[in-house]
Amino acid sequence: PIVLNGQAGNHFWMRVTKNYNNFCGNLLQRTLNQVKSRWQKTNVGVQKFKGHYKQAVDLKKSGYIENDVMINAYAIWKEDEWSNFALEYAWQLLKDQPKWLENA
């Protein structure tokens, strides 16, 4: 069956938790609240990095390649957040998804 975006929040998070636990391999299984909490932290970090990445794109010089833009985005992140960006794996998975393409 097709699941649309009008589903109740708890049903959505139960499905996400079930899928996570089915595919977690050797990792510890997580509760609904643990999965939801981790997503909220990841979402905030990726959203912040999106802003930093956009700044790096705006500063892009002729001849820059994607790697140069990412290096600048990391530098902007470190300057603003005083830490290294630790969610690159999530950024790489999410950056081309519709939510992160809006207003890109």
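Me: Contact means heavy atoms within 4.5 Å. With that in hand, what share of the contacts in the protein chain with a separation of 6 or more comes from residues 24 or more positions apart?
Reply: It's 49% of them. Keep in mind that this is a predicted model.

Me: How do you know how much confidence the predictor has in the protein chain?
Reply: pLDDT is the predictor's confidence in each residue, from 0 to 100. The protein chain averages 87, and 88% of the residues score at least 70. Going element by element, helix α2 (residues 32–58) has the highest mean, 93, while helix α5 (residues 98–101) has the lowest, 78.

Me: Why is W13 called buried?
Reply: Buried means under 20% relative accessible area. W13 comes out at 12%, so it counts as buried. This Trp sits in helix α1 (residues 9–23). Setting aside neighbours within four places in sequence, W13 contacts L32, V35, K36 and W39. From W13 to T31, which is 18 residues along in sequence, the C-alpha to C-alpha distance is 9.8 Å.

Me: And why does N43 get the label buried?
Reply: The cut-off is under 20%, and N43 has a relative accessible area of 17%, so the label is buried. N43 is part of helix α2. Beyond residues up to four places away in sequence, N43 touches K99 and W100.

Me: Why is Q55 called partly exposed?
Reply: Under 20% would be buried and over 50% exposed, with partly exposed in between. Q55 is at 38%, so it's partly exposed. Q55 also belongs to helix α2. Not counting residues up to four places away in sequence, Q55 touches I76 and D80. The C-alpha atoms of Q55 and A73 are 7.2 Å apart, although 18 residues separate the two along the chain.

Me: What makes the contact between α2 and α3?
Reply: On the α2 side, the residues are G45, K48, F49, H52, Y53, Q55, A56 and V57. On the α3 side, they're E66, V69, M70, N72, A73, Y74, I76, W77, D80 and E81. Sorted by type, the residues of this contact give ten nonpolar, four polar and four charged.

Me: Why is W82 called exposed?
Reply: Exposed means over 50%, and W82 has a relative accessible area of 76%, so it's exposed. W82 lies in the loop between α3 and α4 (88–94).

Me: What stands out about phi of W82?
Reply: Phi is near 60 degrees, a positive value in a residue other than glycine.

How values were computed. Residues are numbered from 1 along each chain as its sequence is written. This is a predicted model: local features need pLDDT of at least 70, side-chain atom pairs count only at pLDDT 80 or more; totals for chains, interfaces and linings use all residues. Side-chain values use heavy atoms; hydrogens and water are left out. Helices (H or I, at least four residues) and strands (E, at least two) are DSSP runs, numbered from the N terminus. Buried means under 20% relative accessible area, exposed over 50%, partly exposed in between (1.4 Å probe, protein chains only). Ala, Val, Leu, Ile, Met, Phe, Trp, Tyr, Cys and Pro count as nonpolar, Asp, Glu, Lys and Arg as charged, and the others, Gly among them, as polar.
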